[in-house]
Amino acid sequence: MRLRLLGPLELVSGDRSLDLGGPRQRIVLAVLGLNANRVVPVDVLVDAVWGTGPPTTARSQIQICISALRKVFSDGGQPGAISTRPPGYLLRLDPAALDTLEFDAWLAAAREHSGAGRTEQAAATLRRALALWSGTALSGVSGDVVARAATALAERRLAAIEERIQLDLALGRQRELVGELQELVAEHPLRERLHGFLMLALYRTGRQAEALEAGRRARAVLVEEVGVDPGPELRELEQAILRGEPEAPATSSVESSVAAAPVVRAAGPEVAVVPKQLPASIADFTGRAEQLREIKRVLGEDRESRWGMPIVAISGKGGVGKSSLAARAAHELSAHYPDGQLYADLGARGDDDHTAKLLARFLRALGVAGTAVPDDVEERGELYRSLLSGKRLLLVLDDVSSEAQVAPLMPGSPSCAVIATSRARLSGLPGAHRIDVDVLDAEQSVELLTRIVGAERVAAERPAVVELAELCGGLPLALRIAGARLASRPHWRPTGLVHRLRDEARRLDEFAHHGLELRSNIGLTHRLLSEPARRLLRRCALMRAPDFPAWTAAALLDTTPAAAEEVLESLVDAQLVDVVQFPDAAPRYRLHDLIRVYAAEKLHEGEPEAARVAALRRVLGGWLALAEEAHRREYGGDFTILHGGATRWRPALAAVAETAAGAGSADWWEGERRALVAAVRQAAEAGLDELCWDLALTSVTLFESKGYFDDWLECAQLALDTVRRAGNRIGMAAALYSLGTLHMFQTRVADAAECFAGALEIFRAEGVRHGCALVLRNAAHLDGLRGDIGAMRAKYTESLDIMREVGDRIGEAHILRSTARSRLDEGDTATAERLLDEALVICRETGCLRVEAQVVHRFAELYLATDQIDLARQALHRVLRIVRDTGDRIGEVYALYGLGILRHRESRLDNAETTLVHALELARRLGERLIEAKSRYSLGEIALARGETAGAAAHLLAAARLFEEQGAAAWHTRALTLVAGTRTHPTLPNAS
């Protein structure tokens with residue numbers, strides 16, 4: 001196979017040309033071919049295909065193009081030509097299979113011949129190289145990236161043609177060259193070397209007048225098109241022709257001819273200038289070693305292999321140290337760019353007048369006399385690019401605001417390089433290697449402070465310095481300001497500055513010192529935002545969660561999720577909002593602490609209180625809508641839950657339909673836990689009592705199954721305090737019910753009973769029948785723990801009647817399962833089985849896997865009680881699969897405990913012990929103390945069965961203490977009785 005780029009893009013297998021597909025596939029293949037045997041990042045391919053406006057599906061579409069191209073190569077007999085190599089793809093081709101690589105090889109051979117004085121062979125080799133071209137490089141392939149590459153290839157072709165002509169002139173072939181040169185001059189009127197070659201060929205064939213006329217035409221074209229006179233070489237040649245004694249120009253090497261394009265010089269005296277404009281690199285440069293190595297790798301690579309000018313685009317939020325990194329990298333790369341380094345601080349200016357002034361400044365720095373600088377900005381740009389052609393020069397553009405601002409300043413020669421810094425990601429710079437600079441970590445932050453303040457002061461108060469670094473958020477500008485303030489005041493202690501910075505309302509005031517100011521630095525970016533983006537940034541200060549999903553932007557702006565996401569991404573581009581990406585999850589967003597403080601200032605300056613409260617209500621209403629829907633998915637409907645009258649913000653449901661309302665609801669619950677707790681806190685702080693208690697109670701679905709008992713307690717207590725202040729009686733009952741349920745799960749029987757009594761009293765008084773049923777169901781469970789079977793059954797019966805009345809089917813299933821436990825304890829297995837069958841039918845009709853697992857677990861207990869060991873094993877394995885699939889960690893504890901008991905019954909003591917130890921460890925982590933106690937008890941039984949009385953006593957005594965703490969009297973007695981039977985252990989207490 002052979003890939004042709006030096007003409008129309010073509011992939012040839014044998015004597016047939018393969019079908020490359022549509023325009024996108026052709027662009028992707030062209031870029032892979034231009035970088036053959038080198039990894040091409042996916043971002044480069046995306047830029048090549050779509051430029052500055054890629055769709056959200058860009059990466060997947062690139063994958064489709066790669067798959068199609070792999071099939072083309074496979075059909076052509078070369079499978080595996082394209083391989084996936086992070087961060088992109090690699091096209092492997094033999095140099096003989098790619099015309100650009102073959103072209104390079106012939107040029108290198110010509111260079112060797114010329115260097116050895118073999119002029120004839122050098123000229124012949126160049127002809128072979130040029131014969132590879134079949135037209136304009138990459139014709140028929142669109143896109144800016146490809147166009148830039150094609151221009152670079154065309155430049156190399158023209159340089160090779162010029163060198164071949166120079167060699168032919170040296171060999172006396174001027175007659176054959178005149179016609180070709182006339183065509184080339186017409187096609188490239190600004191190439192001085194071609195004009196000179198034509199004049200020389202005409203003169204050597206006896207056509208002196210035509211040679212002089214060709215020189216006059218060259219002068220006229222250069223003056224008219226560029227505004228400069230011909231260079232000294234052309235002028236000297238003209239004088240030589242006039243004197244009638246022209247000398248052929250010395251035959252330079254192919255290497256120098258191909259590598260360097262001719263330079264158009266301005267009129268006036270020639271000045272050899274090497275600009276050195278870089279700002280000083282800071283002495284305490286810290287924490288950017290990895291990024292520095294990457295920049296040096298990209299810009300320090302072999303220039304001979306480059307087909308386009310390398311650009312490094314450094315982006316990051318204001319004050320993160322982009323300029324320091326760019327300056328340090330440029331200084332360390334200066335040896336690679338001996339023709340100089342240009343520097344410009346663009347600030348926030350992007351007008352044409354500023355660009356024109358910068359071009360004039362650069363031209364003067366490159367040796368152009370002030371009077372020779374063109375007035376027109378486009379002419380200045382053309383002269384600027386001409387002067388840099390073939391030079392090895394590094395351009396540093398600092399604080400760029402947009403791609404359009406820097407486009408006129410870009411050199412055109414691949415021998416140059418550019419470093420650009422910006423607060424926005426310059427994704428519109430074709431082929432740019434992007435580097436994101438983040439804040440410093442804790443260790444790097446302390447290191448920077450140490451360099452500024454001094455090691456002794458840091459060592460004396462290291463805890464305070466660590467906290468100071470945290471308050472600076474790792475932002476180098478903030479660290480430098482704080483460090484400078486301490487360094488300038490030797491009598492200050494770091495503890496004092498930390499105390500001042502803890503006051504968030506004045507924090508930005510503290511970050512100012514001798515011209516360095518954090519607030520104004522952030523303000524530079526803020527001023528460039530659109531009004532919707534400013535409004536969103538302000539309102540993002542309302543978010544108290546560590547991070548937040550995209551739909552919250554829509555709630556804050558009261559617009560559609562699609563429209564809000566565009567505004568949110570503009571804040572990301574401006575480096576004011578950070579993206580937090582978790583594996584297999586939608587992106588989330590967060591504000592740096594100091595930017596959040598700035599946003600909070602703007603919020604109180606620019607938003608009326610009513611607007612702030614309305615935005616907060618929408619966000620919290622969105623969380624409530626999502627939590628409510630997730631509960632429905634978990635339980636098959638609005639079962640076992642109460643809701644208040646707070647307004648839901650429904651657009652949030654559509655925004656996360658595939659996660660919160662789909663098969664991934666359990667994962668959504670887990671990912672949003674911190675945000676849900678933060679939402680309850682905010683509702684409490686804002687006095688939004690209905691939202692607070694509803695969201696707190698709905699979130700119990702997550703807290704209960706995952707064992708997040710601390711979060712459960714905090715939310716329930718916050719809700720109770722809030723509704724009490726508001727006099728919200730139904731909210732009080734709901735919060736007491738939630739707290740009581742938590743106490744019940746942790747077997748704090750007295751506390752649970754007190755909460756349930758208060759909740760039931762209010763629900764009865766307010767006529768909330770469903771609330772009464774829920775409380776009675778859980779209060780009945782407490783009666784069972786205390787051994788009051790009569791009271792338990794009475795409550796279960798009343799609760800069951802209400803559950804059926806209000807249509808709470810899962811509540812009904814819960815009660816049937818619990819009643820079955822009571823019947824099973826009495827030995828009434830037939831009734832127990834009938835009740836469990838009814839409960840299982842309800843679970844399967846509603847699709848509630850969570851409660852189905854609880855019912856099947858009770859079936860396993862029934863099977864164990866009736867010696868149906870195989871059925872018990874099947875039931876417990878079914879339970880374990882369900883709870884692990886749904887992420888029910890409490891359910892997993894119970895399932896593991898049940899399997900341990902089963903294996904004990906089967907006399908598989910080793911397996912039983914392993915399973916019970918696993919259940920014990922998980923119960924400890926989750927705070928499930930009843931199963932912790934029961935697992936201890938069973939492990940004691942296993943130790944007794946083995947005759948290990950010491951181990952048995954340890955387990956049984958620990959179990960007895962746990963049972964006593966939880967008020968499980970029957971189990972406590974059983975444990976002590978078993979301890980009393982192990983009399984061989986000398987340290988055992990009296991059973992009494």
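Mentor: Two strands are said to pair if DSSP finds at least two bridges between them. Please keep in mind that this model is predicted.

Trainee: In which sense do strand β5 and β6 pair, and over how many bridges?

Mentor: Strand β5 (residues 82-85) pairs with β6 in the antiparallel sense, over 4 bridges. The two form a hairpin with 2 residues between them, and Arg-85 has Gly-88 in β6 as its bridge partner.

Trainee: Which residue in β6 is the bridge partner of Val-40?

Mentor: In a regular strand, side chains alternate between the two faces of the sheet. Here, the partner of Val-40 is Tyr-89. Strand β4 (residues 39-41) and strand β6 (residues 88-91) pair over 3 bridges, again in the antiparallel sense.

Trainee: What should helix α8 span at 1.5 Å a residue?

Mentor: The 13 residues of α8 (residues 192-204) should span 18 Å, and the end C-alpha atoms are 18 Å apart, which agrees. Just after α8, Gly-206 adopts a positive phi of about 85°.

Trainee: How many residues of α8 are buried?

Mentor: An α-helix has 3.6 residues a turn, so residues three or four places apart point the same way. In α8, 12 of the 13 residues are buried, so that the helix is mostly covered. Among them are Glu-192, Arg-193, Phe-197 and Leu-198.

Trainee: Which residues have the most contacts inside the largest nonpolar core?

Mentor: In soluble globular proteins, nonpolar side chains tend to be buried together. The largest nonpolar core here has 203 residues, and Ile-295, Leu-299, Ile-419, Leu-518 and Trp-623 have the most contacts inside it. Helix α35 (residues 729-745) supplies the largest share of this core, 10 residues. A second, separate core of 81 residues includes Leu-198 and Ile-241.

Definitions and conventions:
Residues numbered from 1 in each chain as written. Predicted model: local features only at pLDDT ≥ 70, side-chain atom pairs only at ≥ 80, totals over all residues. Heavy atoms only, no water. Expected span 1.5 Å × (residues − 1). Buried < 20%, exposed > 50% of the residue type's maximum accessible area, 1.4 Å probe, protein only. Core = buried A, V, L, I, M, F, W, Y, C linked by side-chain atoms within 4.5 Å.
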